[in-house]
Amino acid sequence: MENKDSQHKRENEELDTAAEQENQQYVYEDDNKDDQAVDALQEEKDEEEVDEEERKQAPASEPPAQAAGGRSGGKAWIAVSAILAIVLIIVLIKPPFGAGDKAVATVNGVKISKDKLYDSLVEQGGKSTLDNMITQELIDQAADDAKVTVTEADVDKEIENLKKSFGSEDEFNQTLAQYGMTVDSLRQDAEVQVKIRKILEPQVKVTDEDIKAYYDQNKASMSTPEQIRASHILVATKAEAEDILKQLKGGADFATLAKEKSTDTGTKDNGGDLNFFAKGTMEPAFEDAAFALKKGELSGVVQTSYGYHIIKKTDEKPAVTPTLEEKKEDIKYQLVTQKVSELSSNWMADLKAKAKITNTLDPAAAKESPAASAAASPEASAGAGNASTNTTK
């Protein structure tokens, strides 16, 4: 088993690799790649990262989650990583007028100039960052042409729909933290998504039949299984657990004993509270005992690979299957988003083909489209000239 330092190093390398792949596979670029194959590989990687992250963040002594088939969390990671990829690389832009030899640092009297810093940043990620900036400018111009505006309410809705794909607010925030992001920086990227959605949505048609078919196929994954809430006290020996159980039956306060006695550092300060959980998330022995309890009832001594537990069931939620009417708007939003995503690649390629782009960091990529070349020709017609009006500066 690898130690924590090695594990963290490997995870950071995986995140760096994922970031690089995301920049290359940014949904608005016109790379001719097999999107389905890329999505499949990314989904597999994201699901592995979710499992690893859950293992990292679970309390050391908490009963471990068990594999229970596919999780909606993997989909959430795919969705958010596609958005987060935009801002993973930051480049310092060289000022337009002089001052390039101004020192930004000195080492034993030797200066490191702004020019040198700029050149180094360009080498480390300038091309991909500039390409994203060019793409952003093309999207902004297309939004202006289509008279599309994005409001704060639009961005709020986009963020809320993204949050729905996570199990909780904490999981959403943990994902942002893992990618070095904040909600504010995420909002900037969500604005881009909303612009593209508003531009392309008029081309998308989602019928009631489409919505019902999706509901029928995914009803199980939309349902919430039966959940219970429980608290526990974990100790190393059976004798300790039996003594604690005796005190509890004698009227001692569960939360107080959990804070004093439990070795589960992740829950003891909260009185041993494990929050709500469904079947398939804890060790079988722990889970069987917890689900067998009535609300407010104490278990006997329960042994797991972590030690000896006393469990108290504190709440419960029945299984819930939402109706088609309850999920209709969410399903429609998801289907529209999916179709917009399918259209966006060709749409972006078409925008780039019609634009006149100059790119000093990648001259080979700054080829004029046939329309732009025609506009530059003395023989070009007025109609061909109009085709190249979108110019990235």
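**Notebook: aromatic rings and a nonpolar patch**

I looked up Phe291 and found it buried, with a relative accessible area of 15%. I note that the model is a predicted one.

Entry on ring pairs. I asked how many aromatic pairs the structure holds, and the count comes to 2. In one of them, the rings of Phe277 and Phe286 have centres 6.5 Å apart and planes at 50°, so I recorded the pair as tilted. I then looked up Phe277 and Phe291: the ring centres are 6.1 Å apart and the planes lie at 80°, so this pair is edge-to-face. The pair links distant parts of the chain, since Phe277 belongs to strand E4 (residues 273-278) and Phe291 to helix H11 (residues 284-291), 14 residues apart. I noted that ring pairs link Phe277, Phe286 and Phe291 into a cluster.

Entry on burial. Are Phe277 and Phe286 buried or exposed? I found Phe277 buried, at a relative accessible area of 5%. For Phe286 the relative accessible area is 0%, and I recorded this residue as buried.

Entry on charges over rings. I found the charged end of Arg197 over the ring of Tyr333, at 3.8 Å from the ring centre. I also found Lys317 over the face of Phe276, with 4.2 Å to the ring centre.

Which residues make the nonpolar surface patch? I listed Val104, Val107, Ile112 and Leu117, with a patch area of about 280 Å². I placed Val104 in strand E1 (residues 103-107).

Methods. Residues numbered from 1 in each chain as written. Predicted model: local features only at pLDDT ≥ 70, side-chain atom pairs only at ≥ 80, totals over all residues. Heavy atoms only, no water. Patch = residues over 30% accessible without salt bridge, like charges linked within 9 Å, V, L, I, M, F, W, Y side chains within 5 Å. Areas by Shrake-Rupley, 256 points an atom, 1.4 Å probe, with all protein chains shown as cover. Salt bridge = Lys/Arg side-chain N within 4 Å of Asp/Glu carboxyl O. Helix = DSSP H or I, 4+ residues; strand = E, 2+ residues; numbered from the N terminus. Phe/Tyr/Trp six-rings, centres within 6.5 Å; stacked < 30°, edge-to-face > 60°. Buried < 20%, exposed > 50% of the residue type's maximum accessible area, 1.4 Å probe, protein only. Lys NZ or Arg CZ within 6 Å of the ring centre and 35° of its normal.
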